[in-house]
Amino acid sequence: MLHASQVDDRPRLTKMPSTGGIMRWVIIATLPGLATMTFFFGLGVVSNVVLAAAFGLGLEALVLRLRHRNLRPLNDASALLTGVLLGASLPPASPWWLIGIGMVAAIVVAKHLYGGLGNNPFNPAMVGYALLLVSFPTYMTLWPTPQPLWPDTLVSQIMGSTSLEQIDSLSGATPLDAFKHKAEEVSASQFWANPPLPRATLTAWEWISAAWAVGGAMLLAKRLISWHIPVAMLGSMTAAAALLYLFNPDEAASLWLHLFTGATLFGAFFIATDPVSAATSQRGKLIYGAGIGLLVIVIRTWGGYPDAVAFAVLLMNLCVPLLDIYTVPATTESQAATGRAQP
C-alpha cells in the first residue's frame with residue numbers, strides 16, 4: 001500500500017487544450033492588435049479579416065468535400081485563424097479578389113496539398129502573404145496613412161473596384177519602406193532629423209506593435225506558446241541590428257525602427273510560433289527563432305523587401321526537418337513515438 005506522501009509525489013496529469021481550443025485562444029490574443037490597427041487605419045482592417053476568414057472557412061469546406069472527408073476539421077478553427085493572420089497582414093481595405101487569391105494559396109496549396117493540418121511544412125498565412133507580395137507588390141506595399149477608411153472605401157473593396165489611384169490617394173509608405181527607399185545621399189541621422197513621414201504614422205506603428213506584444217504576453221501566460229522562439233528571434237534581431245548600427249550608424253536602421261515600426265512583434269508571437277511549421281525541441285526553437293531574427297535583419301538591410309518577416313519565417317521553415325533531426329533527443333523521439341502508438 002502506498003503512503004499518502006508517496007501518492008502526493010506522483011506526477012499529476014494535466015488536461016491539454018484541444019487543437020480548436022488553442023486556435024481560438026490565439027484568435028482572442030489577436031484582438032488587441034486588430035483593435036489598435038482598426039483605431040488607426042479604420043474599418044478596412046475589420047473587413048480584411050472578415051473576408052479572409054470567410055474565404056478560409058469556405059475553401060476548407062470545399063477541399064474537405066473534394067477529398068471526401070467529413071467537415072469536422074472545420075471545428076478546429078485553423079482555417080479561421082489563418083484568415084485572421086493573413087487579413088491582419090494585408091493593407092486595410094485590400095480588394096476582395098486579392099484576399100481570395102492569398103487564401104487559396106494558404107488553404108489549398110500550403111495546407112491541403114501537403115495533407116492538411118499537421119502536415120504542412122510552411123506557415124500557410126505567410127505562404128499566402130508572400131505570394132501576394134511577389135505577385136501584386138503595388139497593392140501590398142501601399143499602406144494608408146493613419147485615417148479612418150469609412151463605408152465608401154469598403155464598398156469599393158467588396159465590389160472589387162478599388163483602383164490603384166484610389167489606393168495611392170489614401171496611402172503612404174510605412175516607416176520601414178520609407179527608410180529602405182531613402183535617397184542614398186541621406187544618412188540615417190538626417191532621415192530621422194527630418195522624416196518624410198508624419199509623426200502620426202510613426203506613433204500608429206508603435207502602438208500597433210505594442211498591442212501585438214500584449215497579445216503575445218497573453219499566449220505566454222496561457223502557456224500556448226513557449227518563450228524560446230520569440231526571445232530568440234527578438235534577441236538575434238537586437239544583436240544584429242545593434243552591431244550594424246555600431247559600425248555603420250549613417251546607413252543602418254536603428255533597433256527601434258526594426259522592432260516597433262513593422263511586423264516584428266506580430267511575427268515573433270503569432271507567426272514564428274506556429275506549432276506545426278516551427279521546430280520541436282527547445283534547442284531547435286532557439287536556433288529556429290534566432291535564424292528568423294537574423295534573416296529579417298539581412299533581408300531588410302540588403303534585400304529588396306522592407307519588412308521581410310514572412311520570407312524569414314518561410315526560409316527557416318525549410319530548415320525545421322534538419323533542426324529536428326539534430327536537436328530532438330533520441331529519448332524524446334522514442335517517447336513521442338510510443339505516445340503516438342498508444343490508443
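Biologist: Where is the place of His68 in this model?

Modeller: His68 sits in the loop between helix H4 (44–66) and helix H5 (78–89). Keep in mind that the model is predicted.

Biologist: What is the phi of His68?

Modeller: Phi of His68 is near 60°, a positive value in a residue other than glycine. Ala77 belongs to the loop between H4 and H5 too. Its phi is near 65°, again positive and again not in a glycine.

Biologist: Is His68 buried or exposed? And Ala77, buried or exposed?

Modeller: Exposed means over 50% relative accessible area, and buried means under 20%. His68 has 73% relative accessibility, so it counts as exposed. Ala77 has 5%, so it counts as buried.

Biologist: How many salt bridges does a search of the whole structure find?

Modeller: The search finds 2. To read one, check that a side-chain nitrogen of Lys or Arg is within 4 Å of a carboxyl oxygen of Asp or Glu. Glu60 and Lys111 pair at 2.9 Å, N to O. Glu60 lies in helix H4 and Lys111 in helix H6 (residues 96–111), so the bridge ties together parts 51 residues apart in sequence. Both residues are buried.

Biologist: Which residue forms a salt bridge with Asp307?

Modeller: Arg300, with the closest N and O atoms 3.1 Å apart. Arg300 is buried, at 6% relative accessible area. Asp307 itself is in the loop between helix H17 (282–302) and helix H18 (309–327).

Biologist: What lies 3.0 Å from a polar atom of the Asp307 side chain?

Modeller: The backbone nitrogen of Ala263. Beyond its neighbours within four places in sequence, Asp307 is in contact with residues including Leu176, Gly262 and Val296.

Note on methods
Residues numbered from 1 in each chain as written. Predicted model: local features only at pLDDT ≥ 70, side-chain atom pairs only at ≥ 80, totals over all residues. Heavy atoms only, no water. Helix = DSSP H or I, 4+ residues; strand = E, 2+ residues; numbered from the N terminus. Buried < 20%, exposed > 50% of the residue type's maximum accessible area, 1.4 Å probe, protein only. Polar contact = N/O pair within 3.5 Å; in protein donor to acceptor, adjacent residues only side chain to side chain. Contact = heavy atoms within 4.5 Å.
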